[in-house]
Amino acid sequence: MLGFIIRPPHQLLSLLLCPGLRIPRLSVLCAQPRLRAMAVSSSSWELPLVAVCQVTSTPDKEHNFITCAELIREAARLGACLAFLPEAFDFIARNPEETLHLSEPLGGNLLGEYTQLARECGLWLSLGGFHERGQDWEQTQKIYNCHVILNNKGSVVATYRKTHLCDVEIPGQGPMHESNSTIPGPSLESPVSTPAGKIGLAICYDMRFPELSLALVQAGAEILTYPSAFGSVTGPAHWEVLLRARAIESQCYVVAAAQCGRHHEKRASYGHSMVVDPWGTVVARCSEGPGLCLARIDLSYLRRLRQHLPVFQHRRPELYGHLGHPLS
């Protein structure tokens, strides 16, 4: 079922930046998994197409894989070069003990299935938050929240382990103590080159820390990705605001694949997966429930925006320090 098409107001942007400068109108759409048609403008066919997948993970890993695989195959059929899955695409457990029990190493069966799927579809995959048993599993009995990038040959080309763990107590949403089962990652990952552009990796709660996004963009990121499982209270209040803020301040595309709906009796997620352009316009978003949305990434538009609004050249670190140090 076709969702809807958005054409963002880049004509306004062209007037603000440079009279006479024509910014391509990007065509995007939202779709359910059974989508059978897509409408895009003929002028944008040459731009890379990305797919953002929205799912409702449960403790059933096999069922979750079947759902994600269906969306990934649909994304490939529609011509996407890269598909983004949300945080906890593998499962969302009922408690820390179940989380640890269901977790796997990167070399386990589940990542093997996604490796095969990437090869089968010829598609790059952003696996937004895998419950990883690291090399220190035997000593710590804790895991990492690991963002994995697979290329279209099924090879792991980047891994980022979530550095900011969500230990919060929000009234009306229930407590979240990620550190009960998870170890914070030790470092950021340099942006990775993909067919859609250079991607800076982050996960969910990381979006609340602009220092991370600024460090990634100074290291060359063109797309920031925040795979997430936002709650029902923080979602309506902060989700879109934070994503648009990260896009505007970094002058990057922001891609945010999200969990949605009720995972089990103890947890539900907000959904509203979206893509935001470097001007801060939401150019694609998912409708309610599992499905996908598509957007084309226009890096020439990004470069023109950065040229006409050169905020990174105007920073005054001698006054307020470096908010985001470039990656070493």
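A charge is taken to sit over a ring if NZ of Lys or CZ of Arg is within 6 Å of the ring centre and within 35 degrees of the ring normal. Arginine 315 meets this description, lying over the face of phenylalanine 312 at 4.7 Å from the ring centre. Arginine 161 likewise lies over the face of tyrosine 144, here at 5.8 Å from the ring centre.

The model is predicted, so local features need pLDDT of at least 70 and side-chain atom pairs count only at pLDDT 80 or more, while totals for chains, interfaces and linings use all residues. Residues are numbered from 1 along each chain as its sequence is written, and side-chain values use heavy atoms, with hydrogens and water left out.

Turning to ring against ring, the structure holds five aromatic pairs (rings of Phe, Tyr and Trp, the last by its six-membered ring, with centres within 6.5 Å; planes under 30 degrees apart are stacked, over 60 edge-to-face and the rest tilted). Tyrosine 205 and phenylalanine 209 form an edge-to-face pair, because their ring centres are 5.4 Å apart and their planes stand at 75°. Tyrosine 205 is buried at 18% relative accessible area, whereas phenylalanine 209 is partly exposed at 25% (buried is under 20%, exposed over 50% and partly exposed in between, with a 1.4 Å probe and protein chains only). One aromatic cluster is made up of Phe65, Phe89, Tyr114 and Phe130.

And the cysteines? A search of the whole structure finds zero disulfides (pairs of cysteine sulfur atoms within 2.5 Å). For cysteine 204, the nearest cysteine sulfur belongs to cysteine 166 and is 6.5 Å away. Cysteine 204 is buried at 8% relative accessibility, and cysteine 81 is buried too, at 17%.
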